[in-house]
Amino acid sequence: VSFNRDIRPIMSDTCFHCHGPDKNSRMAGLRLDIRDEATKPTPRGVTPIVPGDPEKSAIIQRIFATNARVMPPASAHKELTAKQKDMIRQW
């Protein structure tokens with residue numbers, strides 16, 4: 001699985017609006033479009049992406065959540081398919 005070929009298009013469509021380059025629309029101080037930002041702990045101690053350990057990655061926990069903590073949220077009117085979720089986990 002390649003980030004640029006497989007993952008970036010998914011995140012661009014479903015994640016980057018709230019967690020991307022535009023600091024005015026960025027939520028929770030979380031930026032996923034830059035590796036160094038996505039792999040460092042947030043001020044609240046949550047690490048969005050833990051390379052090599054998807055189960056410790058906050059994004060995996062959030063995209064597979066079945067409650068109000070699921071990402072992307074329903075208010076975004078975006079939904080990840082099972083295939084997209086599995087691809088992100090593999091990556």
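The structure is a predicted model, in which local features need pLDDT of at least 70, side-chain atom pairs count only at pLDDT 80 or more, and totals for chains, interfaces and linings use all residues. Residues are numbered from 1 along each chain as its sequence is written, and side-chain values use heavy atoms, with hydrogens and water left out. Helices (H or I, at least four residues) are DSSP runs numbered from the N terminus.

**Nonpolar core**

- The largest nonpolar core contains 16 residues; such a core is a set of buried Ala, Val, Leu, Ile, Met, Phe, Trp, Tyr and Cys residues joined through side-chain atoms within 4.5 Å.
- Ile7, Met11, Leu32, Ile49, Ile59 and Ile88 have the most contacts inside this core.
- Two or more core residues come from each of helix H1 (3-14), helix H4 (58-63) and helix H5 (82-90), and H1 provides the largest share, with 4 residues.
- Beyond its neighbours within four places in sequence, Met11 is in contact (heavy atoms within 4.5 Å) with Phe3, Phe16, Ile49, Ile59 and Trp91.
- In soluble globular proteins, nonpolar side chains tend to be buried together.

**Cysteines**

- The whole structure has 0 disulfides, a disulfide being a pair of cysteine sulfur atoms within 2.5 Å.
- For Cys15, the closest cysteine sulfur is that of Cys18, at 9.0 Å, which is too far for a bond.
- Cys15 is buried, at 13% relative accessible area, whereas Cys18 is partly exposed, at 27%. Buried means under 20%, exposed over 50%, and partly exposed in between, with a 1.4 Å probe and protein chains only.

**Largest pocket**

- The largest pocket has a volume of about 670 Å³. A pocket is found on a 1 Å grid over the protein atoms alone, as an open set of points where a 1.4 Å probe fits, with protein on both sides within 12 Å along at least five of seven lines. Grid points are joined across faces, edges and corners, and the volume is the space filled by probe spheres set on the points.
- Its lining comprises 32 residues, those with an atom within 4 Å of a point; His19, Ala28, Leu30, Arg62 and Met71 lie nearest the centre.
- H1, H2 and H4 each supply at least two lining residues, and H4 gives the most, with 5 residues.

**Polar residues**

- Asp6 belongs to helix H1 and is buried, with a relative accessible area of 17%. Its side chain makes a polar contact of 2.7 Å with that of Arg5. A polar contact is a pair of N or O atoms within 3.5 Å; within protein, one must be able to donate a hydrogen and the other to accept it, and residues adjacent in sequence count only if both atoms are side-chain atoms.
- Asp6 also touches Val1 and Met87, not counting residues up to four places away in sequence.
- Ser25 sits in the loop between helix H2 (16-19) and helix H3 (35-38) and is buried at 19% relative accessibility. A polar atom of the Ser25 side chain lies 3.0 Å from the backbone oxygen of His17.
- Lys78 is in the loop between H4 and H5 and is partly exposed, at 34%. The side chains of Lys78 and Asp13 are joined by a polar contact of 2.9 Å.
- Lys78 and Thr14 are 64 residues apart along the chain, yet their C-alpha atoms are separated by 6.1 Å.
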